[in-house]
Amino acid sequence: KVPSKEKRFDSHTFVLAKEGYTSGRHYWEVDVGKRRSWALGIARESVTRKGTVTLSPKNGFWVIGFANGREYWAHTEPWTCLSVSGKLPMIGIFLDISAKQLSFYNVQKKTAL
């Protein structure tokens with residue numbers, strides 16, 4: 001149990017960065033391990049954090065996910081199935097704000113998803 005705060009999501013467990021970005025190029029690598037389901041991406045600071053949250057660009061979320069231990073999806077509208085061979089234990093995320101571009105990578109193979 002944690003206290004309710006304005007910036008805290010109340011319907012899902014999310015991990016957020018400590019700081020936001022308004023310019024530059026940024027890269028992260030995230031270890032998703034052997035989890036059977038996960039969602040990973042970036043969000044605008046202004047996203048709705050209370051009640052039901054729908055992960056989509058329209059709502060300020062740019063996300064990919066792994067579902068049921070077998071399928072990778074881009075959380076677009078509608079969702080887009082991603083062609084990925086094997087399981088990815090590590091995902092790279094590259095954000096280029098000036099180019100308005102976000103990319104997800106297979107870290108092991110150094111290829112875009």
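**Strands β7 and β8 pair over 2 bridges in the antiparallel sense.** Two strands count as paired if DSSP finds at least two bridges between them, and strands (E, at least two residues) and helices (H or I, at least four) are DSSP runs numbered from the N terminus. The model is predicted, so local features need pLDDT of at least 70 and side-chain atom pairs count only at pLDDT 80 or more, while totals for chains, interfaces and linings use all residues. Residues are numbered from 1 along each chain as its sequence is written, and side-chain values use heavy atoms, with hydrogens and water left out. In this pair of strands, Asn106 is placed opposite Thr111 of β8. The two strands form a hairpin with 4 residues between them. Lys110, in the turn, has a positive phi of about 55°.

**Thr111 lies in strand β8, which covers residues 111-112.** Is Thr111 buried, partly exposed or exposed? Thr111 has a relative accessible area of 36% and is therefore partly exposed; buried means under 20%, exposed over 50%, and partly exposed in between, for a 1.4 Å probe and protein chains only. Apart from neighbours within four places in sequence, Thr111 has contacts with Phe104, Tyr105 and Asn106, where contact means heavy atoms within 4.5 Å. The C-alpha atoms of Thr111 and Gly92 are 9.5 Å apart, with 19 residues separating the two in sequence.

**Strands β6 and β7 run antiparallel and are joined by 6 bridges.** Strand β7 takes in residues 101-106. Across this pairing, Ile91 faces Asn106 in β7.

**An open sheet contains 4 strands in the order β1-β6-β7-β8.** The pairing within the sheet is antiparallel. Which strands form the edges? They are β1 and β8, each of which pairs on one side only. Strand β1 meets β6 over 7 bridges in the antiparallel sense. At this pairing, Trp28 stands opposite Ile93 in β6.

**Arg25 and Asp96 form a salt bridge through their side chains.** A salt bridge here is a side-chain nitrogen of Lys or Arg within 4 Å of a carboxyl oxygen of Asp or Glu. The distance from N to O is 3.3 Å. Arg25 belongs to strand β1 (residues 25-31) and Asp96 to strand β6, so that the pair links distant parts of the chain, 71 residues apart. Arg25 is exposed, at 60% relative accessible area, whereas Asp96 counts as buried because its relative accessibility is 9%.

**Lys58 and Glu77 form a salt bridge.** The whole structure holds 2 salt bridges. In this one, the closest N and O atoms of Lys58 and Glu77 are 3.9 Å apart. Lys58 is in the loop between β2 and β3, and Glu77 is in the loop between β4 and β5 (80-82). The two residues are 19 apart, and the pair links distant parts of the chain. Lys58 is exposed, with 66% relative accessible area, and Glu77 is partly exposed, with 49%.

**The largest nonpolar core has 12 residues.** A nonpolar core is a set of buried Ala, Val, Leu, Ile, Met, Phe, Trp, Tyr and Cys residues joined through side-chain atoms within 4.5 Å. Among the members of this core are Val32, Trp38, Leu40, Ile64, Phe66, Tyr72, Ile91 and Phe104. At least two core residues come from each of β2 (38-43), β3 (61-67), β4 (71-74) and β6 (90-96). Residues touched by Ile64 include Trp38, Leu40, Ala74, Leu82, Ile91, Phe104 and Leu113, with residues up to four places away in sequence not counted. A separate second core has 6 residues, including Phe9, Val47, Leu55 and Val63.

**The protein as a whole has 8 strands and 0 helices.** Its C-alpha trace spans about 40 × 35 × 25 Å along the principal axes. Of the 113 residues in the protein, 30% are buried. Among contacts between residues at least 6 apart in sequence, 51% join residues at least 24 apart.
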